[in-house]
Amino acid sequence: MRLRADSSANDITICSGRIRRVTLLILSVFILKVVTSCIDPVWDFDFSFNKITVRNLDNSGIYPTETDSDIMYAQAVAFTVTIADDIILASGVDRRSNDSFTGFTPASAESPEPRYYPLNRITGISIVTLEAMSAGIPAGTDVTGLFAACVSQFNTPGFLYIDSGELLSVIDRDYYPGEPSVTFQLFCMEEIAGNNVQFEINITLSDESTLSASTNLITLIRNE
């Protein structure tokens with residue numbers, strides 16, 4: 001009888017120890033879940049600008065819209081320019097997802113927006129006409145000063161357009177939120193006298209490289 005009583009006591013002790021360990025484990029997981037839910041993590045990535053793309057912009061209406069047409073009004077020539085890290089963008093990886101090893105999802109409604117830090121900063125912008133714009137502006141002329149710009153990502157409300165000379169200070173940033181790219185619009189402020197126009201847009205970077213892209217050859221029409 002004594003052996004049976006001792007065995008029962010041992011079983012109770014072992015069972016009680018197991019319950020305590022399971023309870024401690026559940027409590028630890030719960031605390032870990034609460035902690036990870038309260039943390040606001042930041043996703044920081046390095047990237048390098050390696051591609052520039054130019055799209056035609058129809059600026060003849062109330063709002064400018066991108067277009068595949070190579071016909072523009074002589075007084076409404078405009079383009080959209082994007083500078084990006086094409087390798088990261090092409091990977092298609094959702095860098096905002098960050099499932100923890102616990103399998104729990106943080107309590108915040110949305111993951112923090114990733115921040116992309118450029119390894120090669122933007123140090124210069126130039127626009128060169130590849131066609132004569134007028135008798136006084138032959139092909140090969142730097143016409144950067146003839147353009148205004150709009151950077152919808154970063155423009156301060158109330159300042160829709162900025163002078164091209166201010167563009168660099170707006171798009172050269174310590175980091176870029178959301179994705180490794182920056183997009184801006186260019187608007188020629190002068191009515192072009194010729195029948196065709198084409199521009200080369202050059203972006204100089206801090207690693208002494210240059211990204212260049214030419215617009216399509218644009219056929220110009222005039223208001224009757």
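Colleague: Start with Cys 188. Buried or exposed?
Modeller: Cys 188 is buried, at a relative accessible area of 6%. Bear in mind that this is a predicted model.

Colleague: And Cys 150, buried or exposed?
Modeller: Cys 150 has 8% relative accessibility, so it counts as buried, the limit being under 20%.

Colleague: OK, salt bridges then. How many?
Modeller: The count is seven salt bridges.

Colleague: What does Asp 86 form a salt bridge with?
Modeller: Its partner is Lys 51, with the closest N and O atoms 3.9 Å apart. The cut-off is 4 Å.

Colleague: What about Asp 172, which side chain does it meet in a salt bridge?
Modeller: That of Arg 121, at 2.8 Å from N to O. This pair links distant parts of the chain, 51 residues apart. Asp 172 sits in the loop between helix H3 (164-171) and strand E10 (176-177), while Arg 121 is in the loop between strand E6 (115-118) and strand E7 (122-129). Asp 172 is partly exposed at 22% relative accessible area, and Arg 121 is partly exposed at 27%.

Colleague: And Arg 222, which side chain does that one meet?
Modeller: The side chain of Glu 191, in a salt bridge of 3.7 Å, N to O. Here the pair is 31 residues apart, with Arg 222 in the segment after strand E15 (218-221) and Glu 191 in the loop between strand E11 (181-188) and strand E12 (196-197). Arg 222 is partly exposed at 34% relative accessibility. Glu 191 is partly exposed too, with a relative accessible area of 47%.

Colleague: Which residues are linked in a network of salt bridges?
Modeller: Arg 55, Glu 66 and Asp 68 form such a network.

Colleague: Changing topic. You mentioned E15; what is the order of strands in its open sheet?
Modeller: The order is E4-E15-E12, an open sheet of three strands with mixed pairing.

Colleague: Which strands stand at the edges?
Modeller: Strand E4 (71-73) and E12 do. Each has a single partner strand, so one side of each is left without a neighbour in the sheet.

Colleague: How do E4 and E15 run, parallel or antiparallel?
Modeller: E4 and E15 run parallel, joined by three bridges. Tyr 73 stands opposite Ile 221 in E15.

Colleague: Last one, E7. How many of its residues are buried?
Modeller: Six of the eight residues in E7 are buried, which leaves the strand mostly covered.

Colleague: In what sense do E7 and strand E13 pair?
Modeller: E7 pairs with strand E13 (residues 199-205) in the antiparallel sense, over seven bridges. Ile 127 stands opposite Ile 201 in E13.

Colleague: Thanks, that covers my list.

Terms used. Residues numbered from 1 in each chain as written. Predicted model: local features only at pLDDT ≥ 70, side-chain atom pairs only at ≥ 80, totals over all residues. Heavy atoms only, no water. Helix = DSSP H or I, 4+ residues; strand = E, 2+ residues; numbered from the N terminus. Buried < 20%, exposed > 50% of the residue type's maximum accessible area, 1.4 Å probe, protein only. Pairing = 2+ DSSP bridges.
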